[in-house]
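Q: Before the residues are discussed one by one, a student may wish to look at the structure and settle the terms in which it will be described.

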Amino acid sequence: MTHLTTRDRGPRRLRRLDRSALIAASATVLSLTASGCVVVHGEREVLPAATRAEAAKALEQFTTAYNKADAAYDASLDAAYTTGALGAIDAARLKAGRANNPGGNPQHTPLALSDVTYTIPKKAGWPRWFVADAKSNKGGDSRWVLVFTRGDLSEPWQAAFLTLVAPGALPEFTKDEDGWAEALPADSAGLAVAPKDLSQDYATYLKSGGDAFKDGTYTSTLRATRAKNASKPGLVQQYIDEPLTNDDFAPLALRTADGGALVFFSTHHYVKQTAAAGAAVPTPNKSVAALTTGEIKQSLTMEFVANEIVLDPPRGAGERQLSVLSRLEGLTAAKGA
């Protein structure tokens, strides 16, 4: 069996925005009171991430940019409004589309989002973020769940996560008397698994199995499908799964009414197909071919980014297994050898 090594993994093309300086910077909110002007430091005060009007405007700006980029197959048209896992997946999709259709997308249908519910947490410091749950004219009956992040007041809101969920699948969130949700830190100790560890735990589960996650489409069924595809006559298919937690790929968690959390996180994956002597790797489709570097002689290594939504129960609860509600994966690069 051919072993997949670091050298086989192909170039990393994930777009990362270095926000260390932005996160360290302090944003100041001015509040007028009867006694005069009081300075409130945004990096310390617990404030709503956005007003509801700002959230609606952010979704509108994203939708407009997404439609322009999709129609033209031009990643530059929505690059300012996407980041993280969605940004990496979207940029690769548009790159492949443009390579195969330089004149634009002949099948473009404008995205329309309606019946939107905004869940906006109160938190201190940057990044700020919120969730939009919307009905879409794409994806059948599934609802689009988008997470928007912002690293500084000078930045536009950017969509970092996108997953599709069944109507009514999202849990009830903890909210205060004003309707603001509660964001949880990545190292929260009150959950079955701290959000910062979920990406690694899920990658480990896909490789080795275990009982950390409930059976379902994105867990036991996915592992079974991989096992079935691992070895076919003349072809070996290998998998490597890695955590993805840096910068704009960092996990984000909302407190649920049961004391647990809904966590958004990302993962990084490689699939290597190696043909036996005298055999050939299956010819990739046009989208894969457009993202492939090198000549496919005996192997093809494909690189993917995925984002997931998980229900993380409270620590000490009778139920300790995590439920993966949704997972969206996209090819970001490929390499022939």
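A: A residue counts as buried when its relative accessible area is under 20%. The model shown here is predicted.

Q: Why is phenylalanine 264 called buried?
A: The relative accessibility of phenylalanine 264 is 1%. The cut-off is under 20%, so phenylalanine 264 counts as buried.

Q: How many aromatic pairs does a search of the whole structure find?
A: The search finds 10 aromatic pairs. One of them joins phenylalanine 62 and tyrosine 66, whose ring centres are 5.7 Å apart and whose planes stand at 40°, so this pair is tilted.

Q: Where do phenylalanine 62 and tyrosine 66 lie?
A: Both lie in helix H2 (residues 52–72), 4 residues apart, which is about one turn of the helix. An α-helix has 3.6 residues a turn, so residues three or four places apart point the same way.

Q: How do you know whether phenylalanine 62 and tyrosine 66 are buried or exposed?
A: The values are set against the cut-off of under 20% for buried residues. Phenylalanine 62 has 2% relative accessibility and counts as buried. Tyrosine 66, with a relative accessible area of 11%, is buried.

Q: How do you know that the span of H2 agrees with its number of residues?
A: At 1.5 Å a residue, the 21 residues of H2 should span 30 Å. The C-alpha atoms at the ends of H2 are 31 Å apart, which agrees. Just after H2, tyrosine 73 takes a positive phi of about 50°.

Q: What covers the buried residues of H2?
A: The cover includes helix H3 (84–100), strand E4 (113–119), E6, E7 and E8. Among the buried residues of H2 are Ala55, Ala58, Leu59 and Asp70.

Q: What makes up the largest nonpolar core?
A: This core has 21 residues, and those with the most contacts inside it include Phe62, Leu113, Phe130 and Phe148. The elements that give it two or more residues are H2, strand E6 (128–136), strand E7 (143–150) and E8. H2 supplies the largest share of the core, 5 residues.

Q: Which residues does phenylalanine 148 touch?
A: Leaving aside residues up to four places away in sequence, phenylalanine 148 touches residues including Ala58, Leu59, Phe62, Phe130 and Trp157.

Q: What makes arginine 52 a charge that lies over the face of tryptophan 180?
A: The distance limit for such a charge is within 6 Å of the ring centre, and it must also be within 35 degrees of the ring normal. Arginine 52 lies over the face of tryptophan 180 at 4.2 Å from the ring centre. Arginine 223 lies over the face of tyrosine 205, at 5.9 Å from the ring centre.

Definitions and conventions
Residues are numbered from 1 along each chain as its sequence is written. This is a predicted model: local features need pLDDT of at least 70, side-chain atom pairs count only at pLDDT 80 or more; totals for chains, interfaces and linings use all residues. Side-chain values use heavy atoms; hydrogens and water are left out. Rings of Phe, Tyr and Trp (its six-membered ring) pair if their centres lie within 6.5 Å; planes under 30 degrees apart count as stacked, over 60 as edge-to-face and the rest as tilted. Buried means under 20% relative accessible area, exposed over 50%, partly exposed in between (1.4 Å probe, protein chains only). A nonpolar core is a set of buried Ala, Val, Leu, Ile, Met, Phe, Trp, Tyr and Cys residues joined through side-chain atoms within 4.5 Å. Contact means heavy atoms within 4.5 Å. The expected span of a helix is 1.5 Å times one less than its number of residues.
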